Amino acid sequence: MDEKIIAVQAMQDYIETHIDEMISLADLSKVSMYSPWYAHRLFKEYTNYTPSDYIRRLKLSKSAIKLRDEKTKIVEIAFEMGFQSVDGYQRAFAREFGCNPSEYTKHPIPLQLFIPYGVIYNQIRKEQREVVEEKNIHVQLFHKPRRKVLVKRGYQAKDYFEYCEEVGCDVWGLLTSIKSISGEPVCLWLPKRYRKEGTSEYVQGVEVPMEYDGTIPEGFDIIELPEADYLMFQGKPFLEEDYCQAIESVQLAIEKYRPEAMGYRFDQENPRVQLEPIGARGYIEMLPVQKI
């Protein structure tokens, strides 16, 4: 793999793990093993952001989640995120999201959060990969309650990559800003009963309670899903650069799995669910099932 891409990914990884600290160009230079000038140039070339803009946007997005979920004072978050003053933080927040943090704390609305993607992933997708086998896949039965899901539909997409080409990858940032009963956004393969004519099978969304009466972002739909049993297929933790193999391993295991041994059959009337591939927990998909 191109050493420049590896260097930029190293800088992105360093920023993610040190976002609560003061990050200097010298720090990024050190992890990239290039000069400060060249590290800055590479970062801008491959991410379309200068390091300072990238860090600022990521800090603001993480602060928005804290304001939404934690009883934390604005002044504490401002200094925790490395801003020199509360006023500076408030102005930056308003420029980024179009509302001030005090308003947002009282009435959280969907925000377009900055969710950066590692530059290494596009390169990995282009490279030829070895055939994978399913192994160490954990299967667990659990129950999902009746719920609503705010979804952004595509046009013909049947998987993540097609969806991003049709809709863009920024949808995830908006979904992440909406508090979910499952703790995170979801990707769904919708059965025909939940699809509109001319829209995609694969969608991204966020699960909310049935009593949800908050803002529905422009271009989104809301659907109601019944309570249902699911089988969760979870692979072992993986290195981020191995995410494609991790996904394929779980999906291969799903293809070969026979739920009849547990007294269930796969339910074609409810959506299949995909969670964000996160290396530390392993790749996860959930398939609806019914008792035989």
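## Salt bridges and cysteines: worked exercises

Glu 207 forms a salt bridge with Lys 144, and their closest N and O atoms are 3.1 Å apart. The model is a predicted one, where local features need pLDDT of at least 70 and side-chain atom pairs count only at pLDDT 80 or more, while totals for chains, interfaces and linings use all residues. Residues are numbered from 1 along each chain as its sequence is written, and side-chain values use heavy atoms, leaving out hydrogens and water.

**Exercise 1.** Find which parts of the chain the pair Glu 207 and Lys 144 ties together.

*Solution.* Start with the term: a salt bridge is a side-chain nitrogen of Lys or Arg within 4 Å of a carboxyl oxygen of Asp or Glu. Next, place the residues. Strands (E, at least two residues) are DSSP runs, numbered from the N terminus. Glu 207 lies in strand β4 (residues 202-208) and Lys 144 in strand β1 (residues 138-144), so the pair ties together parts 63 residues apart in sequence. Finally, check accessibility: buried means under 20% relative accessible area, exposed over 50%, and partly exposed in between (1.4 Å probe, protein chains only). Both Glu 207 and Lys 144 are buried.

**Exercise 2.** Describe the salt bridge between Glu 269 and Arg 193.

*Solution.* First, the distance: their side chains meet at 3.9 Å, N to O. Then the location: Glu 269 sits in the loop between β7 (264-266) and β8 (272-274), and Arg 193 in the loop between β3 (186-189) and β4, so this pair links parts 76 residues apart in sequence. Last, the surface: Glu 269 is partly exposed at 43% relative accessible area, whereas Arg 193 is exposed at 51%.

**Exercise 3.** Locate the partners Lys 196 and Asp 221.

*Solution.* The closest N and O atoms of Lys 196 and Asp 221 are 3.1 Å apart, in a salt bridge. Lys 196 lies in the loop between β3 and β4, and Asp 221 in strand β5 (residues 221-225), so the pair ties together parts 25 residues apart in sequence. Lys 196 is partly exposed, with 43% relative accessibility.

**Exercise 4.** How many disulfides does a search of the whole structure find?

*Solution.* Recall the cut-off: a disulfide is a pair of cysteine sulfur atoms within 2.5 Å. The search finds zero. Take Cys 187: the closest cysteine sulfur, in Cys 164, is 8.5 Å from its own, too far for a bond. Cys 187 is buried, at 4% relative accessibility. Now try Cys 244: the nearest cysteine sulfur, again that of Cys 164, is 13 Å away. Cys 244 is buried too, with a relative accessible area of 7%.

Methods:
Helices (H or I, at least four residues) and strands (E, at least two) are DSSP runs, numbered from the N terminus.
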